[in-house]
Structure formats: structure tokens, C-alpha cells
Amino acid sequence: MEIWTRLTRLPAHVVNGIVVAVGVALAHGLAALLGGDAAGLAATSGAIFASIGDAPAIPARNLNRICSAALLGLVTSALAALARDNAIALGIVVVLLSFAANMLLAWGPRAGPMSFVPMLALVFTMAAPPPAGLAAELQHLGWTAFGSLFYIGWGWVTTSLLRPRYGTLALAQAMHALAALLRSRAEVIVQEHALGRGEAPLESWIANQAVLDERLQAARDLLLEGPPHALGPQRVAVLESVLELRDTLLAGEMDLEVFGRDAGAEQLRAGLARQLEDMALLLDLLADSLVTGREPPALLEPAQLVA
């Protein structure tokens with residue numbers, strides 16, 4: 001049971017990595033069974049090209065990325081194979097591919113994996129033994145395309161099946177990030193009184209805001225885009241509650257200086273900080289319960305959360 005609990009806590013990127021590894025292995029095994037070791041090697045390359053675009057996302061978006069990565073890898077492999085015997089032509093291909101790969105980064109960090117595909121395909125193509133003749137070259141490209149097509153189907157099926165789990169994990173990560181933001185806000189409230197206004201360390205507070213925004217966007221992408229799955233309404237309701245709590249927290253950055261610096265003000269600040277920490281603990285417990293499917297332990301009384 002303990003092993004199962006640990007497995008349920010695996011983050012989405014780890015689950016996705018396992019699925020990718022299994023898909024590439026299946027592509028290799030099937031191609032090797034049908035066409036031999038050389039076919040298996042070529043199909044593995046094609047599957048790896050396509051797998052670069054595989055990430056936790058809704059099926060339609062993930063399919064677009066997988067197909068784009070597969071097409072980019074196949075085109076690069078074909079160009080490198082055609083220019084293999086001509087040093088000048090190969091140099092031109094390398095320069096153009098490098099330029100295109102860097103230009104892909106204009107779409108932001110999410111395009112980073114896609115920009116890696118041309119260089120990976122170029123290395124794989126040049127590292128493989130040169131096929132003897134045009135027919136062998138076309139056969140090699142055909143098996144490469146077979147691996148890409150196999151992985152496109154694999155990625156579509158697995159993403160469709162795992163979308164509920166990806167959504168749950170993304171939502172839990174957003175809840176943990178909100179809990180961290182609550183704790184950093186509590187720390188700022190306490191230290192504002194001790195250090196003076198404007199001197200409290202805000203680095204953690206600002207960094208946790210950025211992490212929360214990133215994780216909320218991932219949860220939105222999985223839960224709010226595309227057709228809802230069976231668990232959609234419940235998860236969407238939790239996500240909306242997290243968003244409301246985040247907005248309330250950000251809107252509640254009150255000027256605590258109006259409370260003064262007497263004993264009563266210090267007690268008020270300490271009370272606010274404790275309440276934020278209690279809410280953070282409750283959020284962590286609820287997130288763990290969401291991921292594992294277990295009831296959270298009753299470590300907090302409802303009265304503790306009342307302002």
C-alpha cells in the first residue's frame with residue numbers, strides 16, 4: 001500500500017516520462033519484429049522525434065505538438081540524408097537547420113523542446129551507417145516515418161486516457177503552490193513588524209507568486225480547455241476556489257502600519273500569520289487527498305480557519 005501511495009504521488013512530468021519511454025520501446029520492438037534490427041533503430045529515431053512534443057496537455061494540443069515534432073524530425077532526416085555525400089550541401093543544411101531551430105525559440109520556453117528536434121534528427125541521421133543506395137535510404141526513412149506514426153497514435157491514446165490524471169496532478173500542484181504563497185505571506189506579515197515597512201524579505205513572496213501563476217495556467221489548460229472529462233465539474237470547482245482564494249490573498253495586501261506597533265497590533269499580526277499558516281496546511285492536506293484518493297487527516301478544526 002505504501003508503494004501504491006508513492007506511485008500516486010508521482011508528478012505529471014514523471015508519469016509523462018514513463019509513458020514516453022514505453023512508447024519509444026514499443027515502436028522499437030514492433031519495427032524490429034517486422035523488419036529487423038536496422039528497422040528497429042530507424043523506427044526508434046522516428047519515435048524519439050515525435051516524443052519530444054509529448055507533454056501533459058489536452059489531447060488536441062498534444063497531438064499538434066507530437067505531429068509537428070515528428071514532421072520536423074522527418075524533414076531534417078531527409079535533408080541530412082540527401083546532403084550526406086556533399087560537404088558543401090551538408091554545411092548549408094546544418095546552418096539552415098540551426099537558424100530555424102533558434103528561430104523556434106521566438107515562441108517562448110514552450111517551444112524549447114521543438115527547437116531541439118532538428119539538431120537531434122541531424123545527429124541521429126549522420127551517426128547511422130550510410131545506406132547502400134537510394135532504395136536503402138528510402139527504406140530507412142520509411143521505417144523512421146513508421147516510428148513517428150506509431151508514436152503519434154501512442155501519444156494520442158495515452159494523453160486521452162491520462163488527461164484526468166494530468167488534470168488532478170496539475171490541480172494538486174497549484175494547491176501546493178498556493179499553500180507556499182500563504183506561508184510566505186505569513187512570514188512577510190510577521191517580519192514587517194520586526195524589520196520595519198519595506199524591509200521585510202519579499203523575494204520568497206514574489207517567487208511563490210510566479211510559481212503559482214505558472215501552475216494555475218497548467219491546471220487551466222488541462223481542466224478548462226477542450227471537452228470536459230468525467231471528473232471535470234468537480235475539479236473545475238476546486239480550481240475556481242483556488243483562483244478565488246489567490247485573488248483574495250493578493251487583494252488583501254493591506255497596509256498593516258495602520259494598526260500601529262503596540263502589543264495589540266503585534267498580536268493581531270501574529271494571529272493573521274497563524275491563520276494563513278493553518279490555511280496553507282489545510283491546502284496541502286487537501287491536495288494530497290486529491291492525488292491519493294484518501295480522506296485527509298482531521299488535523300485542523302474549522303474554528304481555526306475563522307477570521
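Select helix 4 (residues 59-82) and helix 6 (residues 112-127): they pack at an angle of about 35 degrees, with their axes 8 Å apart. Helices here are DSSP runs of H or I, at least four residues long, and strands are E runs of at least two, numbered from the N terminus. Axes are lines fitted to C-alpha atoms, for helices over the stretch in contact, and angles run from 0 to 180 degrees between N-to-C directions. The crossing of helix 4 and helix 6 is right-handed. On the helix 4 side, show Arg65, Ser68, Ala69, Leu72, Gly73, Thr76, Ser77, Ala80 and Ala81. On the helix 6 side, Met114, Val117, Pro118, Ala121, Leu122, Thr125 and Met126 make the contact, meaning heavy atoms within 4.5 Å.

A word on the model. It is predicted: local features need pLDDT of at least 70, side-chain atom pairs count only at pLDDT 80 or more, and totals for chains, interfaces and linings use all residues. Residues are numbered from 1 along each chain as its sequence is written, and side-chain values use heavy atoms, with hydrogens and water left out.

Now zoom out. The protein has 10 helices and 0 strands. Of its 307 residues, 39% are buried (under 20% relative accessible area; exposed is over 50%, partly exposed in between; 1.4 Å probe, protein chains only). Among contacts with a separation of 6 or more, 76% join residues 24 or more positions apart.

Next, select threonine 159. It sits in helix 7 (residues 134-195). Is threonine 159 buried or exposed? It is buried, at a relative accessible area of 2%. Beyond residues up to four places away in sequence, threonine 159 touches Asp54, Ala57, Ile58, Pro59 and Asn62.

Stay in helix 7 and move to alanine 186. Its relative accessible area is 1%, so alanine 186 counts as buried. Show leucine 272 too: the two C-alpha atoms are 7.2 Å apart, although 86 residues separate them along the chain. Leaving aside neighbours within four places in sequence, alanine 186 contacts Ala273, Leu276 and Glu277.

Valine 22 counts as partly exposed because its relative accessibility is 36%.

How values were computed. Left-handed = near helix turned anticlockwise from the far one by under 90°.
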